[in-house]
Amino acid sequence: MAYTPLLNAPLWKQLLVWALVAAGLTLAAPNLFYPRVEAHNDAAKAVEEAGFATTEQQAALDQWPDWMPSGIVNLGLDLRGGAHLLAEVQVSDVYKARMDGWWPEVRDALREVRDQVGSVRRQPTQLPYELRVQIENPAGMAAAVEAVRALASNVITLTGVGQTDIDVTAEGDVLIVQLSEPERAAVDQRTIQQSLEIIRTRVDQAGTREPTIQRQGADRILIQVPGIGSAAELKELIGTTAKLTFNPVVRRGTSEDQTPGAGNVSLPSLDEENVWYTIEEVPVVSGEDLTNAKGDFDQNGRPAVAFQFDARGARAFGDYTAQNIGAPFAIVLDGKVISAPVIQSHIPGGSGIITGNFTVEEANRLAVLLSAGALPASMTFLEERTIGPELGQDSIDAGRVATVIAAASVSLLMIASYGLFGVFAVVALAINMGLIFGIMSLIGATLTLPGIAGLVLTIGMAVDANVLIYERIRDELRNGAKNAARAIELGFERALSAIVDANVTTLITAAVLFFLGAGPIRGFAVTLAIGIITSVFTAINVTRLIVTYWYNRRKPKTLVV
Amino acid sequence: MAWRFKLAPDKTNFDFFRFQWITFGGSLMLSVIAIVAWAVMGLNYGIDFKGGTTIRTESTVAVDVGAYREALQGLPLGDISITEVFDPSFADDQHVTMIRIAAEDETEAVTPEKIAQVEEVLRAAIDPAMTFPSVETVGPKVSGELIWASVLSLAVTSVAIMIYMWLRFEWQFGVGAVLALLHDVIITIGIFAVFQIKFDLTIVAALLTILGYSINDTVVVFDRLRENLQKYKQMPLREVMNLSVNETLARTLMTALTTLLAVGAMLVFGGDVLRGFALAIFLGVLFGTYSSVYVAKNIVLMIGLDRSEKAKKAGTPDEFANIDA
C-alpha cells in the first residue's frame, strides 16, 4: 500500500474548528477555579450595586482576572443544598374578595332604585365568584338588573372585545352578579403575576444567590432558593404578609378596643407602640386595586409615597374621599395599621400621596410593600424539598470520583483497542468534556446530580462515534480500499449516516426529557443534549483533523487502526 | 500488525437466527414475566409517584431499624418505612437511613410540624446530634400528575423515534426498533418490580435514556442493513441481516463495553443517591445491546420488507428498473 497524502479540510474550516475548540476550553476554564471565580463574581455583583468596593471585595475581585471569562456552571439545588417549594395559588380567594368588594357598590346602586326594588339582602353562595342579592319586590327585578349592569366596565382581552367584567342575571327574586369568564381569566392572570412578583421581591430581599422563581402551568409557582436552611424557612420568608387594605377609621386609642362595635375591628399600629385603631372591617379599596406606588416627596419636600389605583379602585376611592374629607383612613397590612393619614381633599383621579413621619428609606420600603403588596391569594404547597449542603457536597465528590474512573477506564479500553487512534479518541474525549463545560457556562445551565450522571454517560457514549469511524476504516482496509488514505476517507464518510441517525434519536429523547421533565431531570436533559452535540462535533471534525495531521506528517506505508 | 485488544474476531460469520426460538422466544418470555411481575408485585414507588415524605437521617450511632420504628410509633403518622443506606463512600461512623412516611389525605403534603416532630423524637431516642441532610415532601396531587407525565414522556419519545426511523428508513424498521426498545424498558421495569427497588422520577429519566441509547445501537445495525440491501439485491433478507449484524458486531460490543464501564463507575462510585438511576441505565444498556442484535431485526424479518424497486420509486416499470445495473 503506497502512501498518498490525505486531503485536508480547507484552511478556513481548520481554523474554525480550532477556534471553536479554543473558545469552548477558555469558557470552561473558570470552572477549574470554582470557589475563586464564584467569590469574584459575587464581589463584582455587590460592587456594581453598591458603587464602591470594600477591601475584602477588592481582594475577592483580584482573585480572578477581569479579562478572563467568568461564567461558571450553576450548581443545582441537589448539589449546593437549599430549599425547593412548589406552590399552588388559590386563585379563587381573589374572586371572593372581589365579590365582597362589589357588594357595597351593588347595594348603593340598588338603593337608587329603592322605590321599585324595595329592600335588599345579601344571600350566601357556594360559588366564590358569585354575589346573590335577594330583593323584596320581584316586580322591580328589571330595574334592579339594569341598575347593576350600569356598574359593569369593559374587559380588554384578546378574544373577548366588548365583554364586561360582570354578568348580571335574575333568578326569581334573587339577583345574581357573577364575575364574567374573561374577567376571571384576567383576574387569574393578574393574581399569578402579582404572586410571582411579590415572592421575587421577598426572596431577593433575603439576598440569597440565584433563586429560581418560575410560573408552572396555570396556577403554580416553583421557588428554588439555594443556600437556605429549610423549606419551612423559605415558606416563612415568602408567606409573612397576608393582605393590604384601605379601611375607614372609626377611632384611635391607646389599647385594644374591647367593644369595637358591629362590623368593626381593632388593630394595632405597625410602628407606634400602644396605638390601636378601630376600623371598619369592609375595606374601601384593597391592594389589588393599586396599579403603582413609588417613593416620592410631598409639596413640602418631605418623603411620601405616591400611588395610583385602577379604574374600579379609583372610583371607590374617589367617592369615599369626597364624602370623608378631614377623616382619617387606615392603610392596613397583615393585620397591622401601617399608617392612618387624614384625607386632605377629594381625590378623584385614583392617585394620591401618603404622607407621614417617613424617612426616605421608609417611604421607599412602603412603596415596595404597596406595589408588591401582599400576596393576593393564599398558597398551598404541593412539594417541599430541603437538601442539606453536606449531602450536596457528598454527591459532588462521589460524582467526581465516578467521572474520573469512568474516563480513565474508557480511555484505557480505547487505547488498548485502537492504539494510536485510541489516543486520538481520548484527546477528542478530553476536548469534548471541556466543550460541554464551556457551553454550559456560556448559557448559564445548571448542573444537577442527574446532570453529572449525564456527563458520565456521555463519556461512555461519546467514543461511540469514534468507534463507528475506526471500525469502518478497518472494514475498508479489509475490503481492499485503494490505499490507506482512501480507507480513512471512506471510513469517515460512510460512518457519518449511522452517527447522525444514532445521535438524532438520542437528541429526540433529550428534548422530550427537557420539555416534560422537571428540575433535576431537566439538568440531565441539558447535559445529555450538549454532550451529544459536542461529541459529534469532536468525533467528526476534531478527530478527523488530528488523524489528517498525523497521517500527512508521518506518511505511514501501512495503516493499522 | 500491532497488538490490539479485540472483543470480536475481525471477521465473524455467526448465524444470529439459528437459535432464534431460544433468543427471540426467550426475550418474549422475559417480557411477559416482567409484565406479570409488574402487575402482580407492583413497583416500589417513591414519593414522586405516591406522595409522602422522605427524611434522610445521618448519625454516628449504628442503625437499629427497630429502635427507629419504636421511637416513631407514638406519632400520629401514616405508613412508615425505614431503610438503612449503605455506600462505599461513607465513613466508618456514618450511618444513614431513609425514612418514608406515606401521604395521609388527598391534597396536602405531610405538614412541616409533623416533620419537626419526627426529627425531635429521633434526636431524643437515638442520637441528639443526628442530622437530616434531606427532607422531601410531595403532595398526592402532584404525584398523580407526575405518573401521567412519565407515561406521556415515554409514549411521546417512542412515537417520535418511530416517526424519525420511518422517515430515514422504512416503517418496518421503525416498528422493529420501537418494539425492541419497549422490550428493554419493560424488562428493566420488571427487574425493579421483582427486587422492589425504589422507582421514582429519576428512574423514568433513566428509562428514557435507555430509549435513546438502545436506539443508537439499533440504528447502527439498520444503517448497515440499508447499505447492504442496496449492495446485495438478490441475497435473501435473512442473510443480508446476518451479514449486517456480523459486520457491525465489533462496534456494537465495543460501544456497549465503553458505556457499561462508564455507567459501572457511576453505579459503584457515584454515591447512593444516584444508585437506582445508574442501575436502571446499566440494565438498559445490557438489554439494549442484546435486543439490537437479537430482537429488532427479527421483528423486521417477521413483518417483511418490500424490496422491489417499485416500493421505492413509484411509477418506474419493474422490467426497466435494473436495466443498467
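**A helix pair and its setting**

Modeller: Helix H5 (residues 92–112) of chain A and helix H7 (residues 141–149) of chain A pack at an angle of about 130°, their axes lying 9 Å apart. H5(A) is therefore oblique to H7(A). This is a predicted model, in which local features need pLDDT of at least 70 and side-chain atom pairs count only at pLDDT 80 or more, while totals for chains, interfaces and linings use all residues. Residues are numbered from 1 along each chain as its sequence is written, and chains are lettered from A and ligands numbered from 1 in the order in which they are written.

The terms require a word. Helices (DSSP runs of H or I, at least four residues) and strands (runs of E, at least two) are numbered from the N terminus. An axis is a line fitted to C-alpha atoms, for helices over the stretch in contact, and the angle between N-to-C directions runs from 0 to 180 degrees. Angles under 35 degrees count as roughly parallel, over 145 as roughly antiparallel, 65 to 115 as roughly perpendicular, and the rest as oblique.

The crossing of H5(A) and H7(A) is right-handed, that is, the near helix is turned clockwise from the far one by less than a right angle, anticlockwise being left-handed. H5(A) contributes Val106(A), Ala109(A), Leu110(A) and Glu112(A) to the contact, and H7(A) contributes Ala144(A), Ala147(A) and Val148(A). Two residues are in contact if their C-beta atoms, placed from the backbone, lie within 7 Å. By class, the residues joining H5(A) to H7(A) are six nonpolar, no polar and one charged. Here Ala, Val, Leu, Ile, Met, Phe, Trp, Tyr, Cys and Pro count as nonpolar, Asp, Glu, Lys and Arg as charged, and the others, Gly among them, as polar.

The C-alpha trace of chain A spans about 110 × 60 × 40 Å along its principal axes. Chain A has a radius of gyration of 34 Å, whereas a compact globule of 561 residues would have one near 24 Å; the radius is taken over C-alpha atoms, and the globule rule is 2.2 Å times the number of residues to the power 0.38. Of the 561 residues in chain A, 44% are buried. A residue is buried if 20 or more other C-beta atoms, placed from the backbone, lie within 10 Å of its own, exposed if 12 or fewer, and partly exposed in between. Among contacts in chain A between residues at least 6 apart in sequence, 70% join residues at least 24 apart.

Chain A also meets chain B, in a contact that takes 59 residues from chain A and 62 residues from chain B. On the side of chain A, two or more residues come from each of strand S20 (379–387), helix H12 (389–443), helix H13 (449–478), helix H14 (484–516) and helix H15 (519–554). H12(A) gives the largest share, 16 residues. By class, this side has 35 nonpolar, 14 polar and 10 charged residues.

From chain B, Arg251(B) lies in helix H8 (residues 237–269). Arg251(B) is buried, with 26 other C-beta atoms within 10 Å. Leaving aside residues up to four places away in sequence, Arg251(B) touches Val467(A), Leu468(A), Glu471(A) and Val220(B).

Chain B itself contains 12 helices and six strands.

The axes of helix H5 (residues 140–168) and helix H6 (residues 171–194) of chain B come within 7 Å and cross at roughly 150°. H5(B) and H6(B) are therefore roughly antiparallel to each other. H5(B) passes H6(B) in a right-handed crossing. Their contact has nine nonpolar, two polar and no charged residues.

Two backbone details complete the picture. Lys555(A), in the segment after H15 of chain A, has a positive phi near 45° although it is not glycine. Gln196(B), in the loop between H6 and strand S6 (198–199) of chain B, likewise has a positive phi, near 50°. Most residues other than glycine have a negative phi. Lys555(A) is exposed, with 12 other C-beta atoms within 10 Å, and Gln196(B) is exposed with 11.
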